[in-house]
Amino acid sequence: MELLGRYRNGNYVTTILSDGTRIRETNDDEFIPDHAENMDIKITNCCSMSCPFCHEGSSPNGKHGDILNENGYIQELMIGSQKEFAGTDKLFLQHGFDKICDINSLKQEYSFKSNELNQWGLDDYKLFELAKNEITQLAQTGKFNFTMATIDCHMPKGFLCKYCPDTYENRYENIYACQSKLINSFIDWCKSQSWYENTTIVLVGDHPTMAQQYVNDVPSDYQRTTYNCFINSKVTTDQIKNRQFTHMDMYPTTLAAMGFNIEGNKLALGTNLFSELPTIIEKYGQDYINEEVQKSSEYLDKNIYQFN
C-alpha cells in the first residue's frame, strides 16, 4: 500500500492509503473535525482520486458540472494556483468544464509583478481583475458557468496583499477585511454588466478557517460555520434562518437558484434549501448521517468500485 495523503482536520490527523484505508489519530478522547472531509464541495459527489473504497460515497462519475454542460453552458474554472494540485484539473475537465485558467496558463497570457504573487500563486486581487476579462469573453458565447476559488485566506497565515489594511492587530482580520472588500467590488462590477440580470452568483465557503492561531480565542461552545450566499436567485424562500445543511444540499439548491426545476426538491442526498423540505441532517441528525455515510455500500462496491 502507498500513502495517498495526510492532513489535519480539527484535533486529529487523517492518513489515506492507496487501498482506500483511512486512519484517524488523535490524542483526545473524541474526534472533533473543523470541516467535512469531502472534495464534494467542488462538484457535488465526484472525486478524481479513484480510491478503491471511498468513505465519502464519492466517485469519478459525479454530477453537477455535467448537468450544466448537457444544458449548453460553457464552463470555466479560474484559480491562482496550479491546476494539477490535488487533481483539480482532472476533477473539472472530466465533469463538463471547457477551460481551466491557472497560474501557469495565466503567466503565458499576462505578465505579473513579484508583489502580485504568493506561495500558492496569484494574489486574489489580481485574480479578480483577470476574472473580469474572462467573464466578458464568456458572456459573448451565451450561457456560461464561471467558477473561481480565492486563496488569500488560506491557512496557516493567509496572504497579505497591497490592498490589505493595517486596522487590526490580528493578521487574519486584516486579510478578511480586504477579501470582503474585493468580493464586494467584484459583485458591484457584475451588477453593472448587461448579463447580470440573467445571472446567478453563488458565494460558498468550503470549510471554516483551519488557521488555529486565529480561532484560539473563539469560545469552545461557539459553532463556527461557512459563509454561503445566493445573489439573483430565480427562486426565493422564507426558510432563511437556522437551517441545518451540508455541502450535499448545495447541489440541488444551486441548480434551483439558477432556474432549474428540481423534481421532488431532492438530488442524491441533497435537499433544495429553497423548499420547505427538511435536509437529511434536519431530519435524522448530523451524528447519524456522519455514521451512515461512512458505511460501505453493496451497490457501490459492485457497480462503482467493481470489487471482485
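Which residues do ring pairs link into a cluster? They are Phe-128, Phe-144, Phe-186, Trp-189 and Trp-195. Keep in mind that this is a predicted model. A search of the whole structure turns up 13 aromatic pairs, and two of them get a closer look below.

**Overall picture**
- The protein has eleven helices and ten strands.
- It runs to 308 residues, and 41% of them count as buried.
- If you take the contacts with a separation of 6 or more, 50% come from residues 24 or more positions apart.

**Tyr-172 and Tyr-214**
- Among the 13 aromatic pairs is this one, with ring centres 5.4 Å apart and planes at 40°, so it goes down as tilted.
- Tyr-172 sits in helix α6 (residues 171-191) and Tyr-214 in helix α7 (residues 212-215), so the pair ties together parts 42 residues apart in sequence.
- Tyr-172 is buried, at 3% relative accessibility, whereas Tyr-214 is partly exposed, at 26%.

**Phe-186 and Trp-189**
- Here the ring centres are 5.9 Å apart and the planes meet at 25°, so this pair is stacked; the cut-off for stacking is under 30 degrees.
- Both residues belong to helix α6, three residues apart, which puts about one helical turn between them.
- Phe-186 counts as buried at 11% relative accessibility, and Trp-189 counts as buried at 16%.
- Phe-186 and Trp-189 are also members of the ring cluster, along with Phe-128, Phe-144 and Trp-195.

Technical notes:
Residues are numbered from 1 along each chain as its sequence is written. This is a predicted model: local features need pLDDT of at least 70, side-chain atom pairs count only at pLDDT 80 or more; totals for chains, interfaces and linings use all residues. Side-chain values use heavy atoms; hydrogens and water are left out. Helices (H or I, at least four residues) and strands (E, at least two) are DSSP runs, numbered from the N terminus. Buried means under 20% relative accessible area, exposed over 50%, partly exposed in between (1.4 Å probe, protein chains only). Contact means heavy atoms within 4.5 Å. Rings of Phe, Tyr and Trp (its six-membered ring) pair if their centres lie within 6.5 Å; planes under 30 degrees apart count as stacked, over 60 as edge-to-face and the rest as tilted.
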